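I opened a new page for this structure. I wanted to see what could be read from it.

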Amino acid sequence: MNFSSKLLQHAVEEFGRLPGIGNKTALRLVLHLLKQSDQEVSRFTQAIDQLKEKIQYCQECYNISDEPICEICRSIKRDKSTICVVEDTRDVMAIENTNQYQGVYHVLGGLISPMDGIGPSDLKIEGLLERLRKGEVKEVILALSATMEGDTTIFYLYRKLREFDVEVSTIARGIAFGGELEYVDEITLGRSILTRVPYERNSSWK
Ligand SMILES: [Zn+2]
């Protein structure tokens, strides 16, 4: 692309770095922003600025939060004896939308993926075990994607969790293999949490 302005080029390049945004889309977005009022643009840039600066990760569950402990972990209505383990914050949002789950979460921040060089130590697994050592947790639900990486992570976690006196369950896989949690509709996801099954019975790996 030949740009008539270095500033324009720079902005398009930055937008183009975002996932799923090609050069043409980036240019369209930048030109759109140029047409907006100063106030609208500054609201936009402020949201981006504050994102990295102010957002925190909950010290309990590692969900994205505005406070050191997130709203879900702080709530007295939530059942702290049940932890639902998920890949990232999108899964927390998807499960919360079902209104079917009253426990708390643990956000791993990814899945084990040797192909991408992501090992167990890159995920918040130690934080999960730390929570279990306190002895108040009775059940851990592994609500991970039905993908190779999800299954590898479930198997790894299951071996770690066996050391603790907790029930380990997985969400019922009405979800097709290869299915990502956030794309499953709320009713299916809600039902799959309610009808979760003990991992051992569910598993061919023993
Ligand atoms: Zn939390």
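My entries follow, by topic.

**Confidence.** I noted that this is a predicted model. I looked up the mean pLDDT of the chain and found 89. Residues at 70 or more make up 91% of the chain. Then I went through the elements. Strand β4 (residues 103–107) has the highest mean pLDDT, 98. Helix α9 (residues 199–202) has the lowest, 64.

I checked the UniProt record, an unreviewed entry. UniProt puts "zinc finger region: C4-type" at residues 58–73. In the model, the end C-alpha atoms of residues 58–73 are 8 Å apart. I read 19% helix and 12% strand for this span.

**Two helices.** How do α5 and α8 pack? I found an angle of about 90° between helix α5 (residues 89–98) and helix α8 (residues 186–194), with the axes 8 Å apart. The angle therefore makes α5 roughly perpendicular to α8. From α5, the contact takes in Ala94, Ile95, Asn97 and Thr98. From α8, they meet Glu186, Leu189, Gly190 and Ile193. I sorted the residues of the α5 and α8 contact by class: four are nonpolar, three polar and one charged.

**The sheet.** I traced five strands in an open sheet. Their order is β4-β3-β5-β6-β7, and the pairing is mixed. Which strands stand at the edges? They are β4 and β7 (197–198). Each has a single partner strand, so one side of each has no neighbour in the sheet. I then followed β7 to strand β6 (residues 167–170). The two pair in the antiparallel sense, over two bridges. Ser169 stands opposite Pro198 in β7.

Technical notes: Residues numbered from 1 in each chain as written. Predicted model: local features only at pLDDT ≥ 70, side-chain atom pairs only at ≥ 80, totals over all residues. pLDDT = per-residue confidence, 0-100. Helix = DSSP H or I, 4+ residues; strand = E, 2+ residues; numbered from the N terminus. UniProt positions renumbered as here; feature names shortened; annotations may be inferred. Axes fitted to C-alpha atoms, helices over the stretch in contact; angles between N-to-C directions. Parallel < 35°, antiparallel > 145°, perpendicular 65-115°, else oblique. Contact = placed C-beta atoms within 7 Å. Nonpolar A, V, L, I, M, F, W, Y, C, P; charged D, E, K, R; others polar. Pairing = 2+ DSSP bridges.
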